Amino acid sequence: MTGMRLTAALAFALAMTAGAQAAEAPAGAASCSGCHAANSRVDTPVPPLAGRPAADIATAMAEYKSGARKGTIMDRIAKGFSDVETQAIAAWYAQQK
Amino acid sequence: MKSHTSRRQFLKTASAAALLPLPAIAQSAGPKVVVVGGGFAGASAARFVKQADPKIAVTLIEANPTFTACPFSNGVIAGLRPLRAQQFNYEKLGDAGVTLAFQPATGVDAQAKTVTLSGGTKLAYDRLVMAPGVDLRWDGLPGYDERAAAIMPHAWKAGEQTLLLRRQLEAMADGGTVVIVAPANPFRCPPGPYERASLIAYYLKTKKPKSKVIILDAKDAFSKQRLFQNAWAALYPDHIEWVALSKGGKVNAVDAATKTLKTDFADHKADVANVIPPQRAAAIAQTAGVADRSGWCPVDPVTFESKLVPNIHVIGDAAIMGAMPKSAFSANAQAKVCAAAVADLLAGKTAPEPRLINTCYSLVAPDYGITVAGVYRPKDGVLADIEGAGGVSPIDAPRENRALEAQFAEGWFKTITGEVFG
Ligand SMILES: Cc1cc2nc3c(=O)[nH]c(=O)nc-3n(C[C@H](O)[C@H](O)[C@H](O)COP(=O)(O)OP(=O)(O)OC[C@H]3O[C@@H](n4cnc5c(N)ncnc54)[C@H](O)[C@@H]3O)c2cc1C
């Protein structure tokens, strides 16, 4: 996926989530916090997701999925989500504190 | 902080007398959700229902005020960490607005929509979430009952049993034989017996090198099998022997007095015997009528509502979750989906179709971690694997990755216990 298309899709996903106030987490997002701590006081080497730019999260997920980025586990997880699903998750995490 | 103390005070009163406070809570204005079981599934569900809609009155019923976590308890058995590192309390959950009742639930009246506590209190619910975990089946393996477990520990519920197995390993003379009896599927934590064998072998190799671990298995295949066996060949070639079902591994009876494990082919005499018996959903699930003849609880894969009794949801180890294994990771992931679904249903909305992740980390050595992961969606009435996703750590991964996965495993434990109890 090109950067441009990714950004456009993200803007769309963001607009969608902004519409539904106090949006419920999109499908799959709740499972990420099993490893990516929602609470920044937790001492873990896994980087937090909350408040990260949506494009960063979506790009990383796309790269894990394609194999362009290496990880110990994220490649196996990213493959379980479509681009649309990933973008919704990325947009939601970007809005969390 | 003041309200904190008074809340704890209130709870003590509630569990001691079980008279005034709980019925008073049950009459509050918002919808009522009661959760039975404060483990990885239930404590998460209570927290996230409250978070989804603070107007919902959430009560968590838990038999013990201290929770002792099973994940990483194999490290306690191997002497790598104290049991204290496994223990958590419910104070923060109380602070989050969840009412706590430290008493066993003894009955469920699905018609009247009430739960009865051992003290006699009845709590009304609009929706009930049951997350009581597993019971060990004392009728599942001839000779193995609660008395036998005091001699041949299961250590499959963490706590005193974990320490007992630890003490027995410490007391064993070098040259001894440790036998682990592994059950048939399904059971709590499919990779657990093999992680345990690995960490016991690590202890023996360093402290009692003439000793060994034998796994007598009621199965011919197990979780992350190639990864475990590869690692064993590299790290513990003289310390672990796995006997599969087809090689006579199935134990048909045990004799606690002599620590003997009996198969069709041989009597194995152990110096330390760790018997992991067959399991089923905990008693309260059977009492409530949400378990089927298999002993486990069938549920809808979108809301986790029981397929047998309306308005009762079942999550965690007690439930039949299709492809999703019985793990703390799964229990927590299911709880978050269930909490959102319960809040939606109480608000008259339809719950959306979920996606769930599971990942089970296992330690083969303190610096050697491996994983199995899955991503799941509802399909044909159960949770099914999303094809192409998940799977195990690569068999040929470099040793640095094993070390990284061991670090991420510890991060996972801190993260999940932080989310549930922190
Ligand atoms: C040795 C071992 C290692 C493991 N390692 C891992 C791991 O690395 N990763 C992983 O993800 N999982 C692991 N697991 C699995 C994990 O422990 C379970 O899957 C998890 O605890 C399930 O959560 P649960 O909430 O369903 O049940 P539990 O955590 O068992 O909680 C159930 C709770 O319900 C309470 N309860 C039961 N009946 C009643 C009643 N009638 N009234 C009130 N309260 C009641 C109990 O007191 C308990 O607190 C391991 C398990 C073992 C045994």
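Into which domains is chain B divided? Colour residues 7-135 plus 280-351 as domain 1 and residues 139-277 as domain 2, and you have the division of chain B; these bounds come from an automatic or database domain assignment.

Before we move on, some ground rules. This is a predicted model, where local features need pLDDT of at least 70 and side-chain atom pairs count only at pLDDT 80 or more, while totals for chains, interfaces and linings use all residues. Residues are numbered from 1 along each chain as its sequence is written, chains are lettered from A and ligands numbered from 1 in the order in which they are written, and side-chain values use heavy atoms, with hydrogens and water left out.

**Stop 1: between the domains**

Keep both colours on. The centres of domain 1 and domain 2 of chain B, taken over C-alpha atoms, are 31 Å apart. Their contact (heavy atoms within 4.5 Å) takes 20 residues from domain 1 of chain B and 23 from domain 2 of chain B.

**Stop 2: the ligand**

Next, zoom in on some N and O atoms. In the side chain of B:Glu62, an N or O atom is 2.7 Å from an oxygen atom of the ligand. Backbone N or O atoms also sit by ligand nitrogen atoms: 2.8 Å away for B:Ala105 and 3.2 Å away for B:Ala63. Taken alone the ligand exposes 990 Å², and the protein buries 92% of that (areas by the Shrake-Rupley method with a 1.4 Å probe).

**Stop 3**

Most residues other than glycine have a negative phi, and most peptide bonds are trans. Select B:Phe72, in the loop between β3 (66-68) and α4 of chain B: B:Phe72 is not a glycine, yet its phi is positive, about 75°. Then jump to B:Pro186, in the loop between β11 (177-182) and α8 (192-207) of chain B. The peptide bond from B:Asn185 to B:Pro186 is cis, with omega near -10°.

**Stop 3: a pair of hairpins**

Select β14 (residues 251-255) and β15 (residues 260-263) of chain B, which pair in the antiparallel sense over four bridges; pairing needs at least two DSSP bridges. B:Ala253 has B:Lys262 as its bridge partner in β15(B). Four residues lie between the strands of this hairpin, and B:Lys259 in the turn has a positive phi of about 50°.

Finish at β23 (residues 368-379) and β24 (residues 382-385) of chain B, antiparallel over four bridges. This hairpin has two residues between its strands, and B:Asp380 takes a positive phi near 50°.

Technical notes: Polar contact = N/O pair within 3.5 Å; in protein donor to acceptor, adjacent residues only side chain to side chain.
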